[in-house]
Amino acid sequence: MSKDKAAQRRRQRRRLYDKQKGLCFWCKKPMLWLVIYPGDGVHPLNLCTIDHVYSKLSPLRQTNNIKVAACWGCNHQRAIQQDPLRRMTTEEVRELNASVV
């Protein structure tokens, strides 16, 4: 991803974070704002991310590409529920990341 694209996403994430007063759209819990993600592949569950209201698999996304700020935990859980190929637990993701050298 180019630096311009990354900066644009960061600004969009910040706008959504501020609009929602720092609360996750799904669970309403406070989120953590980080400009740079940790390089170890392990994300705090309350890390602010951008989430699509409609999944990639939904035909509604073609006409309603609505984005919200969501904590990493909710975003990850929704991805697992919506895409059968992504049914890995957070611990499995961490183990997989640790095994890649």
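Is Phe 25 buried, partly exposed or exposed? With a relative accessible area of 33%, Phe 25 is partly exposed; buried stands for under 20% relative accessible area, exposed for over 50%, and partly exposed for what lies in between, with a 1.4 Å probe and protein chains only.

## Basis of the description

This is a predicted model, in which local features need pLDDT of at least 70 and side-chain atom pairs count only at pLDDT 80 or more, while totals for chains, interfaces and linings use all residues. Residues are numbered from 1 along each chain as its sequence is written, and side-chain values use heavy atoms, with hydrogens and water left out.

## Overall architecture

The chain contains three helices and two strands, arranged from the N terminus in the order α-β-β-α-α. These elements are DSSP runs numbered from the N terminus: helices are H or I runs of at least four residues, and strands are E runs of at least two.

The chain has 101 residues, of which 31% count as buried. It exposes about 7,200 Å², and carbon and sulfur atoms supply 56% of that area; accessible areas come from the Shrake-Rupley method with a 1.4 Å probe, and for residues only the protein chains shown count as cover. Among contacts between residues at least 6 apart in sequence, 47% join residues at least 24 apart, a contact being heavy atoms within 4.5 Å.

Strands β1 and β2 run antiparallel and are joined by five bridges; two strands pair if DSSP finds at least two bridges between them. Strand β2 covers residues 67-71, and four of its five residues are buried, so the rest of the structure largely encloses it. In a regular strand, side chains alternate between the two faces of the sheet.

Helix α2, spanning residues 72-82, is also largely enclosed by the rest of the structure, because eight of its 11 residues are buried. The buried residues of α2 are Trp 72, Gly 73, Cys 74, Asn 75, His 76, Arg 78, Ala 79 and Ile 80.

## Asp 51 and its surroundings

Asp 51 belongs to strand β1, residues 48-52, and counts as buried because its relative accessibility is 7%. Its side chain makes polar contacts with the side chain of Trp 26 at 2.9 Å and with the side chain of Arg 78 at 2.8 Å. A polar contact is a pair of N or O atoms within 3.5 Å; within protein, one must be able to donate a hydrogen and the other to accept it, and residues adjacent in sequence count only if both atoms are side-chain atoms.

Leaving aside residues up to four places away in sequence, Asp 51 touches Trp 26, Ile 66, Lys 67, Val 68, Ala 70, Asn 75 and Arg 78. His 76, in helix α2, is buried with a relative accessible area of 12%. The C-alpha atoms of His 76 and Asp 51 are 9.4 Å apart in space, and the two residues are 25 apart in sequence.

## Cysteines

The structure holds zero disulfides, a disulfide being a pair of cysteine sulfur atoms within 2.5 Å. For Cys 48, the nearest cysteine sulfur is that of Cys 24, 8.6 Å away. Cys 48 counts as buried because its relative accessibility is 0%. For Cys 71, the nearest cysteine sulfur is that of Cys 74, 3.5 Å away, and Cys 71 counts as buried at 9% relative accessibility.

## Aromatic pairs

There are two aromatic pairs. Rings of Phe, Tyr and Trp (its six-membered ring) pair if their centres lie within 6.5 Å; planes under 30 degrees apart count as stacked, over 60 as edge-to-face and the rest as tilted. Tyr 17 and Trp 33 form a tilted pair, 5.5 Å centre to centre with 50 degrees between the planes. This pair links distant parts of the chain, with Tyr 17 in helix α1 (residues 3-19) and Trp 33 in the loop between α1 and β1, 16 residues apart. Both Tyr 17 and Trp 33 are buried.

Phe 25 and Trp 26 form an edge-to-face pair, 4.8 Å centre to centre with 90 degrees between the planes. Trp 26 counts as partly exposed at 32% relative accessibility.

## Backbone of the loop between α1 and β1

Most residues other than glycine have a negative phi. Lys 21, in the loop between α1 and β1, has a positive phi near 55 degrees and is exposed, with a relative accessible area of 70%. Lys 28 lies in the loop between α1 and β1 and has a positive phi of about 65 degrees.
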